[in-house]
Amino acid sequence: MEGKEYSDIYGNKITLQQQSYSDTCQDFTITSSKISLRSLTTWTCIVWVVAYVIFIYTQHTAVLTAAILFSIIGLLLYLHLVKVDHESLLILGSLGIQRTSTYASGRENTVFIEMCRVQDVVINEGISMHRVNYYLCLLLKDPSDPQAAVSQVVPIFQSSQPRMDCLVEIYRSCQEILSSHKRK
């Protein structure tokens with residue numbers, strides 16, 4: 001399964017892998033770039049140099065111990081709670097949509113949404129200060145009230161933040177599957 005290379009909104013390289021299991025079942029996986037060893041080393045050195053300067057003035061070894069513990073705990077929390085290695089979207093036309101985020105520590109977060117709740121898949125725009133960001137999102141409806149408008153908007157690929165060209169490719173495939181589901 002070979003992927004196409006795209007960029008995220010910050011210009012970093014991401015890879016889109018698309019796997020089709022049938023006409024109504026496709027899997028999209030966006031893989032983000034790995035942790036930069038340069039930035040990791042830079043932040044660690046900054047924390048330790050600041051701690052060493054404070055140690056020189058205070059002569060308390062607790063400052064150095066705290067810097068080491070802060071660096072280790074901070075890195076572990078970053079890998080477990082923040083850094084997403086890849087995000088996937090599995091569309092099963094007859095069942096629903098599964099969204100999975102896999103973190104750098106190996107932790108996975110999976111959400112499944114039944115197809116009866118999915119109203120549409122759209123590309124939406126979000127305005128943040130001086131930038132317009134586009135993102136793919138699911139429009140969900142309440143199955144108990146079919147006359148109601150959209151009850152929830154669920155953004156997809158929030159961590160990888162792909163650019164518009166990547167989103168359009170995923171959007172077209174999603175619309176093909178959703179339209180075949182609606183015809184049934």
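The lining of the largest pocket divides into 13 nonpolar, 11 polar and four charged residues. Here Ala, Val, Leu, Ile, Met, Phe, Trp, Tyr, Cys and Pro count as nonpolar, Asp, Glu, Lys and Arg as charged, and the others, Gly among them, as polar. This is a predicted model, where local features need pLDDT of at least 70, side-chain atom pairs count only at pLDDT 80 or more, and totals for chains, interfaces and linings use all residues. Residues are numbered from 1 along each chain as its sequence is written, and side-chain values use heavy atoms, leaving out hydrogens and water.

What is a pocket? On a 1 Å grid over the protein atoms alone, a pocket is an open set of points where a 1.4 Å probe fits, with protein on both sides within 12 Å along at least five of seven lines; lining residues have an atom within 4 Å of a point.

The largest pocket holds about 740 Å³ of space (grid points are joined across faces, edges and corners, and a volume is the space filled by probe spheres set on the points). It has 28 lining residues, and Ile35, Ser39, Tyr78, Val82 and Lys83 are the closest to its centre. Two or more lining residues come from each of β2 (13-22), α1 (37-58) and α2 (61-82). Helices (H or I, at least four residues) and strands (E, at least two) are DSSP runs, numbered from the N terminus. The largest share, seven residues, is from α2.

Now turn to the second largest pocket, with about 180 Å³ of space. Of its 13 lining residues, Tyr134, Tyr135, Phe157, Gln158 and Gln161 are the closest to the centre. Strands β8 (131-140) and β9 (152-156) each give two or more residues to this lining. The largest share, four residues, comes from β8. By class, the second largest pocket is lined by nine nonpolar, four polar and no charged residues.
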